[in-house]
Amino acid sequence: MIVYHGSDVVVDHPDIKHSFRDLDFGRGFYVTTIKDQAEKWAKRKALFSKASGQAVLSIFEMKEDLKGFVYKDFGDDIDSWIDFVCKCRDGDPGYKVFDLIKGKVADDRVYRVVDMYHSGVWDKARALEEIRIYPTYDQIAFITQTAVEALLSFKSSEKVGS
C-alpha cells in the first residue's frame, strides 16, 4: 500500500523521535493513504518553515501484513476515536501500548469540534453529529521505531506546488 507524509523536507529515513508534541494518536510518525491530504499538510508545514519553505511529499510503500504488531484501527468508530484523541492531546501515555494506530484525522474543522467536546461546551452526541458531516481523511501513526523500520520503505519524494 502506498502512503504519504507531507513536510517541508524530504523524509527518507522516518523516525519517531522527531515527533515533538501530543497529536491525535500521541507522538509518532504520521502518514496517510490520501495524497491530497498529505499535500495540504506539506503546504501548511512549508508556510511556517524556517528552513526550506518548500512543500515536499515523501512517498512510502507500507507493508500490509501487521502480524506481530499491536495495531489499533478505529475504522468508523468515532465514539471511541474522539475520547482517544482527547486523551492523547492531554498527554495520556496510553497510546504507547500500540505499534500503529489508524483512524480519522482531526483537521482544522474537526479539531474545533473535538475542542468543543473536550472543553465540555458540547456533549459527545453533539460532537459526533458534527463530525459526521465532514469529509473523512485518514492517518496512520507509527508509534514505535520498530514498526517504522519493519513496515515502511521510502520510494520517492516530490515537491508540491502552491
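Analyst: Phe29 stands opposite Phe142 in strand E6. This is a predicted model, in which local features need pLDDT of at least 70 and side-chain atom pairs count only at pLDDT 80 or more, while totals for chains, interfaces and linings use all residues. Residues are numbered from 1 along each chain as its sequence is written, and side-chain values use heavy atoms, with hydrogens and water left out.

User: What makes strand E2 and E6 a pair?

Analyst: Strands (E, at least two residues) and helices (H or I, at least four) are DSSP runs numbered from the N terminus, and two strands pair if DSSP finds at least two bridges between them. E2 (residues 29-31) and E6 have three bridges in the antiparallel sense, which means that they meet this requirement. Val31 stands opposite Ile140 in E6, and Lys102 also stands opposite Ile140. Strand E5 (residues 100-104) pairs with E6 over five bridges, again antiparallel.

User: Why are E2 and strand E4 said to stand at the edges?

Analyst: The open sheet of four strands runs in the order E2-E6-E5-E4, with mixed pairing. E2 and E4 (71-73) each have a single partner strand, so one side of each is left without a neighbour in the sheet.

User: How does the reach of helix H2 compare with the span expected for it?

Analyst: The expected span is 1.5 Å times one less than the number of residues. H2 (residues 78-89) has twelve residues and reaches 16 Å from its first C-alpha to its last, close to the 16 Å expected. Its buried residues include Ile78, Trp81 and Phe84, and just after the helix Gly91 takes a positive phi of about 90°.

User: What makes Asp77 a cap of H2?

Analyst: A polar contact is a pair of N or O atoms within 3.5 Å; within protein, one must be able to donate a hydrogen and the other to accept it, and residues adjacent in sequence count only if both atoms are side-chain atoms. A side-chain oxygen of Asp77 lies 3.4 Å from the backbone nitrogen of Asp79, and Asp77 therefore caps the N-terminal end of H2.

Key:
Buried means under 20% relative accessible area, exposed over 50%, partly exposed in between (1.4 Å probe, protein chains only).
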